[in-house]
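Me: I would like to go through this structure term by term. Please set each value against its definition, then conclude.

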Amino acid sequence: MKKKELKKEEKSGKYIRRRMIISFVVFFIFIGTAIGIWKWLNTREEDDGTLRPLRTILNANEKINNVFFSSNHLVKEYPKSKAVKDVRVNGDVGMGDYFDASAWKLTINRHPESTSPDSVLYLKMEEIQALPSTEITFDFKCIEGWSQITNWAGVRFSDFLKHYRLGTHSGRAPDLNHPEDMYKYVGLMTPDSTYYVGIDMKSAMHPQTILTYMMNDSLLPMDQGYPLRLIIPIKYGIKSIKRIGYMYFSDTRPKDYWFERGYDYDAAL
Ligand SMILES: Nc1nc2c(c(=O)[nH]1)N[C@H]1C(S)=C(S)[C@@H](COP(=O)(O)O)O[C@H]1N2
Ligand SMILES: [Mo]
């Protein structure tokens, strides 16, 4: 009996030792793998300075963001032939008949509350038309429920801001990789200041946001905002202000006509 028990004990001692050795081996393999992965992460540097495996994770994150934040994704575009010819005219605030188109200029204030004349920029239509142009055919959606496929052309708002180095505290061209330098909002107003919108800079910088001067290959009709209107497809029509007269930048929300009347400030689709 005693012999047997001793044997059993020996056996279990051996068993414990073996388990300990296995545990150590597993532990060292684990540590080794972790160090290996860590070294691999550190050696795989990409052009942009981001580690490749990290880059892969960031890219995946970006894709997820694109799904969840509408200001990143692209609105569906249509063939130009789908655009309607009889474009609906809806809003008419700030669109009075007394407007003198020949005297029109776009007045831009680079910095809020700045009284310096250097802060103000006046642009003529020809200067805006001289910038590279782009066009879009998309389903224009009004918050009242109707929608219409329409065609517009003009300069990408982001290209315009970059060209004139607008929308930054520093006076450098805006860059989405440097959001700390960008004002949070851009404000737009009709020449008579009766219709006005505020747009967050990220949405203003969206590739489909366009300062338009053409509709269906012709200059904008008067009631469509001649000479210059905003088209911002990622938002409801209320933000697509017609007949822009003033542009300014701010870190606080610019006043917004429909927000004052109870609508959502962002008016995102
Ligand atoms: N100046 C100005 N822009 C405006 C409006 C307005 O009343 N005045 N209405 C907005 C609204 S609510 C919509 S839906 C669209 C309508 O554009 P449309 O008149 O070209 O259909 O313009 C927007 N831009
Ligand atoms: Mo609207």
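Me: What makes the pair formed by an oxygen atom of ligand 1 and a backbone atom of Arg 88 a polar contact?

Reply: The distance does. An oxygen atom of ligand 1 is 2.8 Å from a polar backbone atom of Arg 88. A polar contact is a pair of N or O atoms within 3.5 Å; within protein, one must be able to donate a hydrogen and the other to accept it, and residues adjacent in sequence count only if both atoms are side-chain atoms. Some ground rules: this is a predicted model, where local features need pLDDT of at least 70 and side-chain atom pairs count only at pLDDT 80 or more, while totals for chains, interfaces and linings use all residues. Residues are numbered from 1 along each chain as its sequence is written, chains are lettered from A and ligands numbered from 1 in the order in which they are written, and side-chain values use heavy atoms, with hydrogens and water left out.

Me: Which backbone atoms of Asn 90 and Ser 240 lie by ligand 1, and at what distances?

Reply: A polar backbone atom of Asn 90 is 2.7 Å from an oxygen atom of ligand 1. For Ser 240, a backbone N or O atom lies 2.9 Å from a nitrogen atom of the ligand. The protein covers 97% of the 530 Å² of accessible area that ligand 1 has on its own. Such areas come from the Shrake-Rupley method with a 1.4 Å probe; for residues, only the protein chains shown count as cover.

Me: How many residues surround ligand 1, and what classes does the shell hold?

Reply: The count is 20, and the closest are Arg 88, Asn 90, Val 93, Gln 224 and Lys 242. To be near, a residue needs one of its heavy atoms within 4 Å of the molecule or strand. The shell has 10 nonpolar, six polar and four charged residues. Ala, Val, Leu, Ile, Met, Phe, Trp, Tyr, Cys and Pro count as nonpolar, Asp, Glu, Lys and Arg as charged, and the others, Gly among them, as polar.

Me: Why is the pair Asp 217 and Lys 80 called a salt bridge?

Reply: Their closest N and O atoms are 2.9 Å apart. The rule asks for a side-chain nitrogen of Lys or Arg within 4 Å of a carboxyl oxygen of Asp or Glu, so the pair qualifies. Asp 217 lies in the loop between β7 (210–215) and β8 (218–219) and Lys 80 in the loop between α2 (52–68) and β1 (106–109), so the bridge ties together parts 137 residues apart in sequence. Helices (H or I, at least four residues) and strands (E, at least two) are DSSP runs, numbered from the N terminus. Lys 80, Glu 135 and Asp 217 are linked in a network of salt bridges. The count by this rule is five salt bridges.

Me: How do you know whether Asp 217 and Lys 80 are buried, partly exposed or exposed?

Reply: Buried means under 20% relative accessible area, exposed over 50%, partly exposed in between (1.4 Å probe, protein chains only). Asp 217 has 51%, so it is exposed. Lys 80 has 33%, so it is partly exposed.

Me: What links Asp 200 to Lys 235, and Lys 239 to Asp 256?

Reply: Salt bridges again. Asp 200 and Lys 235 meet at 3.4 Å, N to O. Asp 200 lies in strand β6 (residues 196–200) and Lys 235 in the loop between β9 (229–231) and β10 (246–250), so this pair ties together parts 35 residues apart in sequence. Both Asp 200 and Lys 235 are buried. Lys 239 and Asp 256 have their closest N and O atoms 2.7 Å apart. Lys 239 is in the loop between β9 and β10 and Asp 256 in the loop between β10 and α6 (257–260), so that pair ties together parts 17 residues apart in sequence. Lys 239 and Asp 256 are buried too.

Me: What makes Met 20, Phe 24, Phe 27 and Phe 28 a patch?

Reply: Patches are made of residues with over 30% relative accessible area and no salt bridge; like charges are joined within 9 Å, nonpolar side chains (Val, Leu, Ile, Met, Phe, Trp, Tyr) within 5 Å. These four form a nonpolar patch on the surface, with about 450 Å² of accessible area together. Phe 27, in helix α1 (residues 2–43), is partly exposed at 45% relative accessibility.

Me: What is the phi of Ser 193, and where does this residue lie?

Reply: Phi is positive, about 60°, although Ser 193 is not a glycine. Ser 193 sits in the loop between β5 (185–189) and β6.
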